[in-house]
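Subject: Structure for you to look at

Hello,

Please find the structure below, followed by notes on what was found in it. Keep the structure open while you read.

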Amino acid sequence: MTFGERFSLNFIEKNRYQYLVSGIENTLLITVVAAAIGIVLGFLIAIIRSTHDTTGHLKILNAICKLYLTVIRGTPTTVQLLIVYFVIFSSISRPMLSAFIAFGLNSAAYVAEIVRSGIMSIDPGQNEAGRSLGLSYPQTMAFVIIPQAFKNVLPALTNEFIVLLKETSICIAISLRDLTYGTQLISSQTYDYMFPLLAGAAIYLVIVVFLTWVFGKLERSLRKNER
Amino acid sequence: MNGDVLLDIQGLEKHFGDNQVLRGITTQIRKGEVVAIIGPSGCGKSTFLRSLNLLEEPTGGKIFFEGTEITGSGVDVNHIRRKIGMVFQQFNLFPHLTIKRNITLAPVKLGIMGKEEANRRAEELLQRVGLPDKADAYPAQLSGGQKQRIAIARAMAMNPDVMLFDEPTSALDPEMVGEVLEIMRELALTGMTMVVVTHEMGFAREVASRAIFIDEGVIKEDDRPSVFFSQAKNERLKDFLSKVL
């Protein structure tokens, strides 16, 4: 078979490219929802943990957060996904929902530690300046500490979301039709592995390069004023 | 101008673990006073100053601000701090905000002023500290002396009743000390009550209405600068002054 014939077989005939298109959609959707859950929950955990570390308050919440981080970071993501799908949601069989929750909870643990490191890296004088002006602890966090911490950890967060995007490829374990599973569906019909897999890899690469570019731009615009 | 007691400090103590830094400090700061606090490093003078707005929580003794005990439980610390401005050795400007927003952040977020009123006040304060053209600059674009002048303006924006200065010129290059002291001198002339931890003996002598020598966690000498600097009674103070003057 010529190159053109193999290309046509894998992607054009029977509209097989559709497996990739819907796969991209699902992969992106899972990444975006999980990242959103990760950011919200991760910031919350980071704030609880750093508040505990600097003030000694929130002992119980901090202990819960620590346990959560230990469990999530100490077990494989694939196992977590399988538990959510086959154990927690065993009766309703909702692969997308399972993926949102599993990847969201997983990402939150990593985002939390990234953001916490960012908060702890801010000079204590910033907090003192905010408090000395009469701002409350939450106000100082919101207007003084978090904006600076966010800027500092943006490169690490970018990295986390790239890892997250690529890690969604394990959705194949719960037969969720993401991009990777899409390539396998094509292969199962055409008995050709190389074309679909290389196409899948190229698509992941393009998305990651694009994401890196967007975050890089955001980072530069946030840093613009600090020279 | 000197009148009501603004800060009444009674037997103030502070421990850091086993280390007792303040061993019972009793004094009063009256309205309109400019009090210079002097002492060797590690004597507790910064801790004392930082206790006045509860950045350090005292472990003993009482502080009354405008008649209200602020060291008791159930006191709204944030509300009291609005009336006690503070200027830090390291400036502690907010690097992610413009100069104008550094100044307006607290008054606006605390609902004390509207945005426009706060902006007007900021411009007025920038004029006063001689940096009217820096409103839209960021802290990183300023020199140390300029940063400290902005920090003073930021504290002033809250219209405090007293201003605390924690070694405001110690982190500055020598040629920038003068411009900051000049602003502080002008502030003192307006009748602002000031408590200044400083190593600038010239400033203490000329601008302060009172000088306090803290050593080993207690006040060893407390007098008018004219007496304090020339007729010191305490041996430790004499020794200290002979080294720094």
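A:Q189 sits in helix α8 (residues 179-190) of chain A; helices here are DSSP runs of H or I with at least four residues, strands are runs of E with at least two, and both are numbered from the N terminus. With a relative accessible area of 34%, A:Q189 is partly exposed. On this scale buried means under 20% relative accessible area, exposed means over 50%, and partly exposed is in between, using a 1.4 Å probe and protein chains only. Leaving aside residues up to four places away in sequence, A:Q189 touches A:R16 and A:Y19, where a contact means heavy atoms within 4.5 Å. A:L9 is 180 residues from A:Q189 along the chain, yet their C-alpha atoms are separated by 9.6 Å.

This is a predicted model, in which local features need pLDDT of at least 70 and side-chain atom pairs count only at pLDDT 80 or more, while totals for chains, interfaces and linings use all residues. Residues are numbered from 1 along each chain as its sequence is written, chains are lettered from A and ligands numbered from 1 in the order in which they are written, and side-chain values use heavy atoms, with hydrogens and water left out.

Chain A as a whole

Chain A has nine helices and zero strands. Its C-alpha atoms fill a box of roughly 75 × 50 × 20 Å along the principal axes. Of the 227 residues in chain A, 46% are buried. Among contacts in chain A with a separation of 6 or more, 74% are between residues 24 or more positions apart.

What charges does chain A carry? It has 18 positive and 13 negative side chains, and the centres of the two sets lie 4 Å apart. Lys and Arg count as positive and Asp and Glu as negative, with His and the chain ends not counted; each charge is placed at NZ of Lys, CZ of Arg, CG of Asp or CD of Glu.

One residue of chain A with a positive phi is A:S93, at near 50°, and it is not a glycine. A:S93 is in the loop between α4 (77-88) and α5 (95-121). It counts as partly exposed because its relative accessibility is 42%.

Where the chains meet

The contact involves 21 residues from chain A and 24 residues from chain B. About 2,000 Å² is buried between the two chains, and carbon and sulfur atoms give 59% of that. Buried area is the accessible area (1.4 Å probe) that two parts lose on being put together, summed over both.

How many salt bridges cross this interface? The rule finds one, a salt bridge being a side-chain nitrogen of Lys or Arg within 4 Å of a carboxyl oxygen of Asp or Glu. A:E128 pairs with B:R50, and the closest N and O atoms are 2.7 Å apart.

Chain B

B:R50 is also one of the buried residues of helix α1 of chain B. That helix covers residues 45-52, and seven of its eight residues are buried. After α1(B) comes B:L54, whose phi is positive, near 65°.

B:F91 is not a glycine either, but has a positive phi of about 65°. It lies in the loop between β6 (84-87) and α3 (99-109). B:F91 counts as buried because its relative accessibility is 10%.

B:E33 is in the loop between β2 (19-30) and β3 (34-38). Is B:E33 buried or exposed? At 7% relative accessibility, it counts as buried.

Regards
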